[in-house]
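Please look at the structure below before reading on. The questions after it go from the whole chain to single residues.

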Amino acid sequence: MRLLLRLLMGLLMLAIAGAGALVWLIDHYNHDLPDYTKLANYQPPVTTRVYAADGRLLAEFAAEKRVFVPIDAIPKRVSSAFLSAEDKSFYQHKGIDPLGIVRAVLTNVENFGSDRRPVGASTITQQVAKNMLLSGEVSFNRKIKEAILAIRIERAFTKDRILELYLNEIFLGFRSYGVAAAALNYFNKGLDELSVAEAAYLAALPKAPSNYHPERQKDAAVARRNWVIGRMAEDGHITPEEARAAQAEPLAIRKRDETEYVTAEYFAEEVRRELIKLYGERALYEGGLTVRASMDPKLQDTASRALRQGLIDYDRRHGWRGPITRMENFDGWAKKLASIPMPPGGEAWRLAVVLKDDDATGTEVGLGDGSRGRIPLTELKWARAWKEGETLGPEVRKPVDVLKLGDVVLVEPVAKDERGKDLPPASFALRQIPAVQGGFAALDPHTGRVLAMVGGFSPHMSAFNRATQAMRQPGSSFKPFVYLTALDNGLTPASLVMDAPFEYDPGGGQPIWRPENYSHQFYGPTPLRAGIEKSRNVMTVRLAKHIGMDKVKATAEKFGIVDNLQPFLPMSLGAGETTVLRMATAYGMLVNGGRKIVPTFIDRIQDRTGKTIFRHDNRSCQGCQDVAWAPNLPVPAVPDTRERIADPRTVYQMVSMLEGVVQRGTAAKLLSLGKPVAGKTGTTNDSNDAWFMGFSSDLAVGTYIGFDQPRSLGGKETGGSAAVPVFKDFMEVALKDRPATPFRVPPGVRLVRVNPETGQLAQPGERKAIWEAFLPGTEPNPDVPPPVLDGSAQSIGMGGAPGGYGGSLPAGAPAAPPPAATLGTGGLY
């Protein structure tokens, strides 16, 4: 009895000591344990997806590619597989599994010295603690912390919440975080489509995904999968028959289907920047946002092709700059060629090496796959040597004038030559990556939604976006805002302005400024309409001086072209700097009747729960929610909350004048579109930049072409030659299936037939007469000679102040050439 008492006392003392040690241990580790309560609001990093307007995927942004699935949506087959493989008593224990620990110790002792894998005893709750709150170090200290945290997590959260965190957080190889991503990446299936065998295979991966790679470690993968299937049967999750069938199933991996992407790198990058500006990088890469972009894939593809072709066409007009590199030794030429990296921008073409250059009708080339082809002489005619100043060398008469033996060049397969004549099989055309660049933007003028945007020839050459980031002089494409200011200050499209030599002394010892027209001629008293249609520089300067540059500045800033325009006369010719997108937006506000719009690349953003957290269009719509659509249901009235920034009547006058630019002016080649379009060309000083800004009744478009390091495009290049063709190619597709909608005439405008060259009322039967827009009471009076704005003083008249013409000059009559000393300003044509 005494011995028994001593034994009991000893056990009691050991228990007390053990309890004390446990208390000390818990207290010791309590001090630096992470805060487990943050798991209550924990949301694992989830991929942000950006969709185009038609629902196709535009871009994905993610730190970890994960799809979060609530526990209620995870099939029992999947969760049961993981429970059997990792923690069969998960729903019974309190965070740690003492029996499991004992079993693991005994099993590992029994297997000691064998090649069997050691058995672990971590519960799913412990794995959540380790993966989400602790580091991955292997140590006794970490295991103690893991156990303490597991017990506390169990007290704070439901079992389902813990299992939900585990199944969405765990890494399963193949760049898969969470079971939903793994199901897609391994089997190209959703969770609800997985078979027992497939679910068991995923459950076999948590310990070491690389050890059970489905191809490199297939035998080990199948054995581990079958072990999980056996555990599922033992635990009653599946029947023995189901287990046998699942174990007999081959382990077959199905590559994930290629997602149907819309490729538009410049647009996607602009969306990325906007999301970071709105919510920050963490929300972008981990927040699981669903973003609906404004991009129309058809228009985007059309814009990319149009700008790309425009840049290629310009580049071909200015000659051949030589091969990419040369190959001196032709031994193993195909292998050597295949090892040459594709130059950025040439991704759409192929590399080729010249193998023979002694044929007068063409050049034989070899390609990286070992095949051969031929570049006929007709496809080399364009490649006259490039010379400084964008001029050309002598004409190409034979292939050797362009290509020599060993030249490595870019080529593209062709079936027909430029005249439409069939070419033999394996014919190629010589290609060259343009040195010139450009930008393009198209938007809805009523909402500001950017429908298409291209920032250059290729994003592989440069991520710099020339539609949104390049600050360049818009040249004469700025002039409509000078003319609009004049219309807002009492002038009409028929008002006469003196087109005659003009001088301006800026003071401060600077040279006298003498602007001149592109033609180097002067045309006397000319209507405003003709001034904008023919892009007369001197008229514009006189007009700006008459109305005052402070008013022009106010108009430019109101339309968002610039933030702070310097009120100097050269700015009236587009010498200030802006972007293509800003100009396209400003032109959009012309065609929409003078309503303020803000350009946007994003229509709507939803958070990971589906809640809308951003909408570009914030107008309230009574009767729009929870209404089933029906054919006879009246369309709800949506209020127009856009700010009115200009008089719709004078804005329409400007739109009508810009339509005249297409009908009779510098963009007349657009008449072949057969649809109502309007716009303005722009070419800056020395032809450094070529622009065209234009619109139809429901689409505003802008394009710019120029070198990144500004230099002349060539003496004969203008907005009409370089930029208008891009606009035309785009609009041919964009307007193809749209009705020919005329520009909308607002109330309060009176249409009167006038002669566009004189601004006077048209005579009966006059063939060139047009319908001109006037505010009531401002129509030409046949009984009163029209005044002529001279622009050399703040008055209307023919005064001969310094710089003015000083006398009458019939419209259309050339004057003497201007003095040789001129100061460049931008805004030529």
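The turns that follow ask about the chain, its sheets and its aromatic rings.

Q: What kind of model is this, and from which number are residues counted along each chain?
A: This is a predicted model, in which local features need pLDDT of at least 70, side-chain atom pairs count only at pLDDT 80 or more, and totals for chains, interfaces and linings use all residues. Side-chain values use heavy atoms, with hydrogens and water left out, and residues are numbered along each chain as its sequence is written, from 1.

Q: How many helices and strands does the chain have?
A: Helices (H or I, at least four residues) and strands (E, at least two) are DSSP runs, numbered from the N terminus. By that rule the chain has 21 helices and 23 strands.

Q: What percentage of the 829 residues counts as buried?
A: Buried means under 20% relative accessible area, exposed means over 50%, and partly exposed lies in between (1.4 Å probe, protein chains only). Of the 829 residues of the chain, the buried share is 50%.

Q: Among contacts between residues at least 6 apart in sequence, what percentage joins residues at least 24 apart?
A: A contact means heavy atoms within 4.5 Å. For contacts in the chain between residues at least 6 apart in sequence, the share that joins residues at least 24 apart is 70%.

Q: In what order do the five strands of the open sheet with β1 lie?
A: Two strands pair if DSSP finds at least two bridges between them. The edge strands here are β2 (57-61) and β17 (612-615), each pairing on one side only. The pairing in the sheet is mixed, and the order is β2-β1-β3-β16-β17.

Q: Which residue takes a positive phi in the hairpin of β16 and β17?
A: Three bridges join β16 to β17, and these strands run antiparallel. The bridge partner of Q606 in β17 is T612. Five residues lie between the strands, and the one with a positive phi near 95° is G610.

Q: At about what angle does helix α11 run to β16?
A: Axes are lines fitted to C-alpha atoms, for helices over the stretch in contact, and angles run from 0 to 180 degrees between N-to-C directions. Helix α11 (residues 265-279) lies across β1, β2, β3 (290-293), β16 (602-606) and β17, and its angle to β16 is about 55°.

Q: Why are β15 and β23 each left without a neighbour on one side?
A: A second open sheet has three strands in the order β15-β14-β23, with mixed pairing. β15 (524-527) and β23 (788-789) stand at its edges, so one side of each lacks a neighbour in the sheet, and what each has is a single partner strand.

Q: Which residue of β23 stands opposite L496?
A: Strand β14 (residues 496-499) and β23 run parallel and are joined by two bridges. Helix α17 (residues 537-547) lies across β14, β15 and β23, at about 120° to β14. The residue opposite L496 is V788.

Q: How many residues apart in sequence are the parts tied together by F61 and Y285?
A: Rings of Phe, Tyr and Trp (its six-membered ring) pair if their centres lie within 6.5 Å; planes under 30 degrees apart count as stacked, over 60 as edge-to-face and the rest as tilted. F61 and Y285 form an edge-to-face pair, 6.3 Å centre to centre with 90° between the planes. F61 lies in strand β2 and Y285 in helix α12 (residues 281-286), so the pair ties together parts whose separation in residues is 224.

Q: Over the ring of which residue does the charged end of R711 sit?
A: A charge sits over a ring if NZ of Lys or CZ of Arg is within 6 Å of the ring centre and within 35 degrees of the ring normal. R753 lies over the face of W771, at 5.9 Å from the ring centre. For R711 the distance is 3.7 Å from the centre, and the ring is that of F707.
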